[in-house]
Amino acid sequence: NSISGNRYKWDFGDGDSILTTQRDTPIVHQYTATGTFTACLYTFTYLGCADTACGPVQAIVNPLVDVPNAFTPNGDNINDEIHVKGFGISKMNWKIFNRWGTLVFESTSPSVGWNGYYKGVLQPQEVYTYILDVIFFDGKRYQKKGDITLLR
């Protein structure tokens, strides 16, 4: 049973999972699509016994995307990278350009952000432009264009 467990695996039913050694660990999971998912908790004991508890989890996700307008890649670990922020993103293509139109960064994942470098060199403090194309989980397409200020 789960009381005598020493290892736990949460499977959220959407392809994501987490391993923990704490039974009472508060687990927070962000679903990226609307739907009903079967979440399971697998418990393992020192003796190799296992137990499983599963249940349905309903998620309602309102597709949304945005990009911050400034960041400070100065090495202080605060706003050193800029990322696309959003919910329900299925696919994306984000391109950032300098004032001469040179592509200095490109990403296809919200988890991959720009650190202010291009070809190994930290770029100057100035305004950069971007084009973000997104396809949400429901198939809707969205394009956003804007400016990002690199501050030091």
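**Exercise 1. Take Cys49: is it buried, partly exposed or exposed, and where is the nearest cysteine sulfur?**

Solution. Start with accessibility: Cys49 has a relative accessible area of 46%, so call it partly exposed. The cut-offs are under 20% for buried, over 50% for exposed and in between for partly exposed, with a 1.4 Å probe and protein chains only. Bear in mind that this is a predicted model, where local features need pLDDT of at least 70, side-chain atom pairs count only at pLDDT 80 or more, and totals for chains, interfaces and linings use all residues. Residues are numbered from 1 along each chain as its sequence is written, and side-chain values use heavy atoms, leaving out hydrogens and water.

**Exercise 2. Find how many disulfides the structure holds, and work out the handedness.**

Solution. Step one: searching the whole structure turns up 1 disulfide, meaning a pair of cysteine sulfur atoms within 2.5 Å. Step two: the partners are Cys40 and Cys54, with sulfurs 2.0 Å apart. Step three: the S-S torsion of Cys40 and Cys54 is about 110°, so the bridge is right-handed.

Step four, location: the pair joins distant parts of the chain, 14 residues apart, with Cys40 in strand S3 (35-44) and Cys54 in strand S4 (50-59). Strands here are DSSP E runs of at least two residues, numbered from the N terminus. Cys49 is in no disulfide; its nearest cysteine sulfur belongs to Cys54, 18 Å off.

Step five: Cys40 is buried at 8% relative accessible area, while Cys54 is partly exposed at 49%.

**Exercise 3. Which phi does Asn77 have?**

Solution. Asn77 has a positive phi of about 65°, though it's no glycine. Asn77 sits in the loop between strands S6 (70-71) and S7 (85-87).

Note on methods. Helices (H or I, at least four residues) and strands (E, at least two) are DSSP runs, numbered from the N terminus.
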